[in-house]
Amino acid sequence: MDMEPDVRITNLNLHKGHRVEVRGRIAKGTNRFAVDLGTDSRNLICHCNPRFEYSVDKNTIVLNSKQNDVWDIEKKETAFPFKSGSETMLIFDFEDCITVHLPDGKEIPFTCRFPIEVINYLALNNIELISISVH
């Protein structure tokens, strides 16, 4: 079940070699939140979805991609440095793959599953935006 974004940016213009830092406050009492990067909502190169307790997942980060509105296979990580209602920061490096930097310093590489030159779309779900910076 897709979440409706709280924040949507459609002209990010992120190229390989760039980094985007997303700082926000996780919605209190939420069972999950997400940061999406791609060309649009139907084509996501990286769906980063930390789940407190959702479906069969508990304290798990789910990474996935979506092409032409079809989800691929989920990659699950047990590292989970998040607390509901707290401020957090996620960093995404865009190279030949996406590297997700967690707030505790752990890095999670995520393979780009389809060719993409520019990331123009960023969406936040169940997280209140504090700041976004691109380097």
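Colleague: What should I know about the model before reading residue numbers and side-chain values?
Modeller: Residues are numbered from 1 along each chain as its sequence is written, and side-chain values use heavy atoms, with hydrogens and water left out. As the model is predicted, local features need pLDDT of at least 70 and side-chain atom pairs count only at pLDDT 80 or more, while totals for chains, interfaces and linings use all residues.

Colleague: How many helices and strands does the chain have?
Modeller: The chain has 0 helices and 14 strands. Both are DSSP runs numbered from the N terminus: helices are H or I with at least four residues, strands are E with at least two.

Colleague: Why would one call the chain's radius of gyration consistent with a compact globule?
Modeller: Because a compact globule of 135 residues would have a value near 14 Å, and the chain has 13 Å, which agrees. The radius is taken over C-alpha atoms, and the rule is 2.2 Å times the number of residues to the power 0.38.

Colleague: And what are the spans along the principal axes?
Modeller: The C-alpha trace spans about 35 × 30 × 25 Å.

Colleague: What percentage of the residues is buried?
Modeller: Of the 135 residues, 47% count as buried. Buried means under 20% relative accessible area, exposed over 50%, and partly exposed in between, with a 1.4 Å probe and protein chains only.

Colleague: Moving to β9, is that strand mostly covered or uncovered?
Modeller: Strand β9, residues 87–94, is mostly covered, with 6 of its 8 residues buried.

Colleague: Which strands pair with β9?
Modeller: Strand β3 (residues 19–26) pairs with β9 in the antiparallel sense over 7 bridges, and V22 stands opposite L90 there. Strand β10 (residues 97–101) also pairs with β9 in the antiparallel sense, over 4 bridges, with F92 opposite V100. Pairing requires that DSSP finds at least two bridges between the strands.

Colleague: What joins β9 to β10?
Modeller: A hairpin joins them through 2 residues.

Colleague: Changing topic, where is L37, and is it buried or exposed?
Modeller: L37 is found in strand β4, residues 34–40. L37 is buried, because its relative accessible area is 0%.

Colleague: Which residues does L37 touch?
Modeller: Leaving out residues up to four places away in sequence, L37 touches L12, V20, L44, I45, C46, F92, I119, Y121 and L122. Contact means heavy atoms within 4.5 Å. F92 is also the residue that stands opposite V100 in β10.
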